[in-house]
Amino acid sequence: MTNNDILRRVRYTFDLKDSTVIDILALADTEVTAEQVAGWLKREDDDGFLKMKDVEMVAFLNGFINFKRGKRDGAQPPREERLNNNMVLQKLKIALNLQAEGVLHLLELADFRLGKHELSAFFRKPGANNYRECKDQILRKFLLGMQLQARPGEADPELE
């Protein structure tokens with residue numbers, strides 16, 4: 001999945017306006033313009049499409065954590081330069097204050113079954129025993145489960 005896809009799905013799921021996305025990024029000490037946000041939300045084949053970089057998505061996810069849970073005291077965590085699906089899943093889990101059961105419930109809402117041990121493998125450090133890479137399909141199902149919980153009965157125009 002691309003960073004742009006993730007942003008579009010999170011924005012739709014939580015009904016975030018462009019101005020709210022700008023505010024969320026500001027919570028992570030990142031300044032963006034309305035034109036940048038509009039470019040990120042366009043389809044790849046549309047004029048004005050802007051590819052969202054990993055550092056921008058990390059800033060959005062960190063800001064989303066601050067938006068949902070409040071900014072923590074003291075220094076903010078260092079910003080990662082590279083991003084993978086495991087990190088996206090971890091940051092969304094933190095933002096939504098989910099335990100393993102909550103993540104599994106969201107996956108089940110999207111008709112995807114996963115064991116608790118399989119899930120914990122996604123949250124291990126790379127190189128650790130039993131570390132497992134989170135594939136696009138699993139992240140897609142998690143995002144769909146979030147949407148189905150937040151907006152039951154509504155069809156996502158992104159998926160049609």
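In this predicted model, helix 1 and helix 3 sit roughly perpendicular to each other. Their axes are 8 Å apart and cross at an angle of about 100°, which falls in the 65 to 115 degree range that counts as roughly perpendicular. On the helix 1 side, the contact uses Asn 4, Leu 7, Arg 8 and Arg 11, and helix 3 answers with Gly 39, Trp 40 and Leu 41. Sorted by class, that makes 3 nonpolar, 2 polar and 2 charged residues.

Leaving aside residues up to four places away in sequence, Phe 142 touches Leu 89, Leu 92, Leu 98, Val 103, Leu 106 and Leu 107.

As for charged pairs, the whole structure holds 9 salt bridges. One of them joins Asp 29 to Lys 71, with the closest N and O atoms 3.7 Å apart. Asp 29 belongs to the loop between helix 2 and helix 3 and Lys 71 to the loop between helix 4 and helix 5, so the pair ties together parts 42 residues apart in sequence. Asp 29 is exposed, at 55% relative accessible area, while Lys 71 is partly exposed at 41%.

Arg 82 and Asp 54 also meet in a salt bridge, at 3.1 Å from N to O. Here Arg 82 is exposed, with 63% relative accessibility, whereas Asp 54 is buried at 15%.

Note on methods: Residues numbered from 1 in each chain as written. Predicted model: local features only at pLDDT ≥ 70, side-chain atom pairs only at ≥ 80, totals over all residues. Heavy atoms only, no water. Contact = heavy atoms within 4.5 Å. Axes fitted to C-alpha atoms, helices over the stretch in contact; angles between N-to-C directions. Helix = DSSP H or I, 4+ residues; strand = E, 2+ residues; numbered from the N terminus. Parallel < 35°, antiparallel > 145°, perpendicular 65-115°, else oblique. Nonpolar A, V, L, I, M, F, W, Y, C, P; charged D, E, K, R; others polar. Salt bridge = Lys/Arg side-chain N within 4 Å of Asp/Glu carboxyl O. Buried < 20%, exposed > 50% of the residue type's maximum accessible area, 1.4 Å probe, protein only.
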